[in-house]
Amino acid sequence: MGEKYNCGRDRTPMGIYVHIPFCVRKCRYCDFLSAPAKEEVKRKYVRRLLEEIGQFEDGDLYQVESVFFGGGTPSMLEGDAIAAVMEQIRRQFPCRSGDWEVTVECNPGTVTGQKLETYRDCGVNRISFGLQSADSGELAFLGRIHTWEEFVGNFHQARRAGFSNINVDLMSGLPGQTEVSWRRTLEQVLELRPEHISAYSLIIEEGTPFYELYGEKEGDARKAGKTVEEAERKLEHREKILPLPDEDAERNMYYDTEKILSGAGMHRYEISNYSLPGFESRHNQGYWKRKPYAGFGLGASSQLGRLRYKNTDNLEEYLNGDFSKREVLVLSKSHEMEETMYLGLRMMEGVNLERFRETFGVDAGVVYGKELERLEKLGMVRTRNGALQLTPRGVDVSNQVLAEFLLD
């Protein structure tokens, strides 16, 4: 059985994820489960969300540590819809009132001061803005609906509404982006003094408009058999296809991220996440530490003990009240061990080796002896303060290192 986290009357702390699958329009890089929808559909969806949450069994066994409204664009919903979901969560689960983290993802251009005040009044205490870039030209090519100026306005509205914990999502490796424009993005965002920054690299996902433009090989600027001119004709306003940064530029952006953010007092606590001390994302840490979580809404996943499952990703089925469990999986001990390693190593604090032994009844060195010996010789991992951690060199090639802990 996975690790237990006692809290209060032997309740197990957990996270809750609420998926809001609506957006103004799909961005060109987006492969998330989201789409535009009419107001009537949004209202019916919220009613179904309330029903699904109300049907959760054994809520008294858990104590909610964090709630995360993700999407899609949760801030497309009116404030009273978020408030209704929060009320239903409190009704169904014992919650740490005043000692929990409640996040709503917001896209600039969909936020108003009134919405933010309603969020704050109903218990939301953390806002996550999906900015991606401070360059309005880069934003336009991504298909974002907002400008840098609109983001700044929304950020200040959040401060006025009383939010003292704000995350900003940023993305490097964008079409047309340069090392200079990426540094400028980091510096401009830091001037606003957010408490948290998530900095990811663009991934070209199959099935997205960017995949149609850039093809199977990132940087090709075309799909097999398609000319650049033909691809450009598919873009709005006959835009030119912007080139992706080359490998050297991407590497420099990666190094500049840590240098600039750490210089501003933000510490890197996970491969792609930086925060001021005390503002690390509790919800995301729950995933990396394999704490239980319940997902509600279209396509949302849950993991309770060894049981993992997800909801239907068919909107019509969900709106008709189909909350049946899909892709049900009972995790094996080996599956739990490999997840403990490759999720835990994403965090700079690493994997607590004594806790691994207590949880699984065996030393990590026994299970992964050959892998650890090889990685230690290569300078990719180290043991410090009783924890197995990635070294700075290991962080640089983290995907390769983490793959070593996937058991056959």
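## The chain as a whole

Of the 408 residues in the chain, 53% are buried, where buried means under 20% relative accessible area, exposed over 50% and partly exposed in between, with a 1.4 Å probe and protein chains only. This is a predicted model, in which local features need pLDDT of at least 70, side-chain atom pairs count only at pLDDT 80 or more, and totals for chains, interfaces and linings use all residues. Residues are numbered from 1 along each chain as its sequence is written, and side-chain values use heavy atoms, leaving out hydrogens and water.

You will find 17 helices and 15 strands here; these are DSSP runs numbered from the N terminus, with helices (H or I) of at least four residues and strands (E) of at least two. Taking contacts (heavy atoms within 4.5 Å) between residues at least 6 apart in sequence, 67% join residues at least 24 apart.

## Helix α12

Let's look at one helix. Several α12 residues are buried, among them Glu336, Met337, Leu343 and Gly344.

Is Ile260 buried or exposed? Ile260 counts as buried because its relative accessibility is 16%. This residue sits in helix α9, residues 247–263.

Leaving aside residues up to four places away in sequence, Ile260 touches Arg183, Leu186, Glu187 and Leu190. Ile260 and Leu186 are 74 residues apart along the chain, with 7.3 Å between their C-alpha atoms.
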